[in-house]
Amino acid sequence: MIHLQGVGFRYPSVAESGAGEWVLSNLDVTIHRGEYLAVMGPNGSGKSTMARLFNGLLLPTEGVLTVDGLDPHDTEAVWEIRRRVGMVFQNPDNQIVATTVIDDIAFGLENRGVPRDEMVKRIQDAMARVGLTSLEKAAPHHLSGGQKQRLAIAGVLAMRPSVIIFDEATSMLDPLGRKEVLAAMQSLHQEGTTVIHITHSADEALQAERLLVMDKGQVVREGKPLHIFSHPEELEELFLEVPMFIDLRERLRRQGMALSRDSANSEELVEELWGLLSKG
Ligand code: ADP
Ligand code: MG
C-alpha cells in the first residue's frame, strides 16, 4: 500500500535558504494493505513527519515513496494520495470546521464537488460507522472529546480513504473517549481499512498487529508489539512506555523469580505467579 525506499527528509531551513537537519534518513518501510500498524518513538523522532510523507503533505527530499503505486511528485497523483490516506490529529477542537455534525462531515465532500445524493449517502454511512447518527444535528463544540474525534474520523471516512493515520489522536482524551476511538480503529481495521496509529501508549500499541519504533529519524525496531515489549532492557535508551504487566514481570525476574517471558497479558502473568507461589 505504502512503500518507502531509502527515504530521507529535511525541512527547509528557517535561518538560511538551504535545507535544515535530516529529520528522517534512510527509511525503508512497507505498509501492507489492510494492516493495523502502531508507531512509537520519543518526541522529535520523526513520527509526524513520516505521517505527512505518507499522505503527500510533504515530499521526500531523497529516495522513493509510492502510495498505491502513485508517486506524490506527480501533481495529479498527490490529490488522489491525500484522498486515499486520511489523517486524524491530536487536538479534537482544531479539526472542527462547521456548526453541526452533518455539515462538518459534508465540508470535505463539498470542497470536492461530490454530487448531493452521493453526499447524503456517504455522510449517513460515515456517521453510522462511528456511532454518531443520533447526534447529526448536534453542535460539535458540545460534544465530548471522544465524540469530536469520532466526528473527525467520520469526516475522513466520507472521503472513502483506504488508509487512516491517527497521529496521537487519543492523547488528549479521557479514558472513555480513548476507548471509543480505539474501538473505532478496531472496527475500521475489521472492515479492511489500513490503520496507522502513532501513540505513546504501550497498551494501545498492543492492539496493533505490528509495531514500528522510531528514534532520530530511523526505524530502530519492527515486529509484533508483544515481542518488542518483551525485552524492555533493549528499549531503555528510548524511554518507551511498556505494558504494566511486562514492567512488573521484569522487576520480579530481576528479583530472582523464575518467571518466563511467555505471558501475553496480565491474566497469564498472574496465573504463572500463582503456579510458582503454590509450589513454593
Ligand atoms: P514526532 O512526531 O516524532 O515528535 P516530528 O516529526 O514532529 O517528530 O519532528 C521531527 C523533527 O523535525 C524535530 O526535530 C522537529 O523539531 C522537526 N520539525 C517538525 N516540524 C517541523 C517544521 N515544520 N519545520 C522545521 N522542523 C520541523
Ligand atoms: Mg508528532
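**Ligand site and local contacts in the predicted model**

The structure is a predicted model, in which local features need pLDDT of at least 70, side-chain atom pairs count only at pLDDT 80 or more, and totals for chains, interfaces and linings use all residues. Residues are numbered from 1 along each chain as its sequence is written, chains are lettered from A and ligands numbered from 1 in the order in which they are written, and side-chain values use heavy atoms, with hydrogens and water left out.

E204 is located in helix 7, residues 202–206; helices (H or I, at least four residues) and strands (E, at least two) are DSSP runs numbered from the N terminus. The side chain of E204 takes part in two polar contacts, one with the side chain of H197 at 3.3 Å and one with the side chain of T199 at 2.9 Å. A polar contact is a pair of N or O atoms within 3.5 Å; within protein, one atom must be able to donate a hydrogen and the other to accept it, and residues adjacent in sequence count only if both atoms are side-chain atoms.

Strand 7 covers residues 194–198 and includes T194. T194 is buried, with a relative accessibility of 0%. A polar atom of the T194 side chain is 2.8 Å from the backbone nitrogen of G34.

An oxygen atom of ligand 1 lies 2.7 Å from a polar side-chain atom of K47, and an oxygen atom of ligand 1 lies 2.9 Å from a backbone N or O atom of S48. On the side chain of Y11, an N or O atom is 3.5 Å from a nitrogen atom of ligand 1. Of the 560 Å² of accessible area that ligand 1 has on its own, the protein covers 57%, as computed by the Shrake-Rupley method with a 1.4 Å probe.

Across the whole structure, the search for aromatic pairs returns 1. The pair joins F9 to Y11 in an edge-to-face arrangement, with 4.8 Å between the centres and 90° between the planes. Rings of Phe, Tyr and Trp (its six-membered ring) pair if their centres lie within 6.5 Å, and planes under 30 degrees apart count as stacked, over 60 as edge-to-face and the rest as tilted. F9 is buried at a relative accessible area of 4%, whereas Y11 is partly exposed at 29%. Elsewhere, R82 sits over the face of W79, 5.0 Å from the ring centre; a charge sits over a ring if NZ of Lys or CZ of Arg is within 6 Å of the ring centre and within 35 degrees of the ring normal.

Positive phi values are found at two loop residues. D68, a residue other than glycine, has phi near 55°. D68 belongs to the loop between strand 4 (62–67) and helix 2 (75–84) and is partly exposed, with 24% relative accessible area. For F239, also a residue other than glycine, phi is near 50°. The loop that holds F239 runs between helix 8 (225–229) and helix 9, and F239 is exposed at 77% relative accessibility.

H189, in helix 6 (residues 175–190), is buried at 16% relative accessible area. The C-alpha atom of H189 is 6.4 Å from that of Y36, although 153 residues separate the two along the chain. L151, in helix 5 (residues 145–157), is buried with a relative accessible area of 1%. Between L151 and Q95, 56 residues apart along the chain, the C-alpha separation is 8.9 Å. D247 is part of helix 9, residues 244–254, and is partly exposed at 31% relative accessible area. D247 and S230 lie 17 residues apart in sequence, with 9.1 Å between their C-alpha atoms.

Key
Buried < 20%, exposed > 50% of the residue type's maximum accessible area, 1.4 Å probe, protein only.
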